[in-house]
Amino acid sequence: MRIIFARALVAIPRRTTTTTIKLPSLIQPIQRIFTQPYTTTNVKTAHPKHQSKMSSSGFSNADTGNKPADPYKQANLDTEVPLEQKIKDLAGFMTSNKFSMMTTRDSKTGYLLSRCMALAATESGGIDLLFHTNTESGKTDDLKSDEHINISFLNSTTGDWASVSGTASIVTDRDLVKKHYSPQLKAWFGDLGDGVHDGGPEDPRVGVIRVKMTTAHYAISTKNIVGKVADVAQGAITGKPASVNKLREISEQEVRSWRSSH
């Protein structure tokens, strides 16, 4: 059995790279088994400057007739859940994981660039995210050039994950910086010895990246490790898609509705 991962190289339109990965043995660490790929409709969305160069149709390499081409998604997609519960579960997952990958578009090359960032706080009832940043770093240049951003989280033990797409702004307001400041930040900023740039809350280099959610997609576990192994084993033998996660989507309309009351 093979799992095909497809990713879009949005910086080089009209070109898709595929990687084939063999299904791991069921006795391998659980995190290697259950990080199931999940494709969404906006994966191949181009940067605005490239949109005219891309076809409006999606990619397909198979005709499955009236049968679902992606049975895993059909088996795990969770649509019967109130918005409040979706937001609560997502916010709880992001907060508990803390560390994320922040993806921006490089201001010089146009390529996508990711780096690890620690979540400092959430706003608007859990949907908007705050991260401390050095205002003189490359990511602030990226966001000045293109405000669009993606924040992703992964629990490597359970395979749970989250992807938040939105827009970002760089905030230098001292009150907001101080509200979420931690002395540990000095280790990242350093003390330049000039009495100003000391890595403290008054250091003008210490800023905040505020990410305002536009959409979100995430998956949380529904079974314990024993149940997951059994389900995957059954699927490997029978061809029945493993039902091990709750795949959830939060749309732009749902985000707007939530934001209007929080």
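The legends below describe several close-up views of one predicted protein model.

Residues are numbered from 1 along each chain as its sequence is written, and side-chain values use heavy atoms, with hydrogens and water left out. Since the model is predicted, local features need pLDDT of at least 70 and side-chain atom pairs count only at pLDDT 80 or more, while totals for chains, interfaces and linings use all residues.

**View 1. The whole protein and the confidence of its prediction.** The protein has eight helices and ten strands, where helices (H or I, at least four residues) and strands (E, at least two) are DSSP runs, numbered from the N terminus. Of its 262 residues, 36% are buried, a word that stands for under 20% relative accessible area, with exposed for over 50% and partly exposed for what lies in between (1.4 Å probe, protein chains only). Among contacts (heavy atoms within 4.5 Å) with a separation of 6 or more, 67% join residues 24 or more positions apart. The mean pLDDT, which is the predictor's confidence in each residue from 0 to 100, is 80, and 69% of the residues reach 70 or more. Over residues 1-27 the pLDDT stays under 50, and the model has 44 contacts beyond four places in sequence for them. Residues 29-46 also have a pLDDT below 50, with 47 contacts in the model beyond near neighbours in sequence. Where pLDDT is low, the predicted coordinates should not be read in detail.

**View 2. The second largest pocket and its lining.** This pocket holds about 470 Å³ of space. A pocket is found on a 1 Å grid over the protein atoms alone, as an open set of points where a 1.4 Å probe fits, with protein on both sides within 12 Å along at least five of seven lines, and its lining residues have an atom within 4 Å of a point. It is lined by 18 residues, of which Met117, Ala118, His132, Leu185 and Trp188 are the closest to its centre. Strand 4 (112-118), strand 6 (128-134) and helix 6 (186-189) are the elements that each give two or more residues to this lining, and strand 4 gives the most, with four residues.

**View 3. Helix 4 and its buried side.** In helix 4, residues 138-145, the buried residues are Lys139, Thr140, Asp142 and Leu143. These residues lie on the same side of helix 4 because they cover an arc of only 155° around the axis, the arc being that of the directions from the helix axis to the C-beta atoms. The face turned away from that buried side carries the exposed residues Lys144 and Ser145. Covering the buried residues of helix 4 are, among others, strand 3, strand 4, strand 6, strand 7 (148-154), strand 8 (161-171) and strand 9 (206-221).

**View 4. Isoleucine 151 in strand 7.** Isoleucine 151 is placed in strand 7 and, at 0% relative accessibility, counts as buried. Leaving aside neighbours within four places in sequence, the residues in contact with isoleucine 151 include Ser100, Met101, Met102, Leu129, Phe131 and Val211. Arginine 115 stands 36 residues from isoleucine 151 in sequence, and their C-alpha atoms are 9.8 Å apart in space.

**View 5. Two loop residues with a positive phi.** Lysine 98, in the loop between helix 3 (83-97) and strand 3 (99-105), has a positive phi of about 70° although it is not a glycine. Lysine 98 is partly exposed, with a relative accessible area of 38%. Serine 124, likewise not a glycine, has a positive phi of about 55° and is found in the loop between strand 5 (121-123) and strand 6.

How values were computed:
Points joined across faces, edges and corners; volume = space filled by probe spheres on them.
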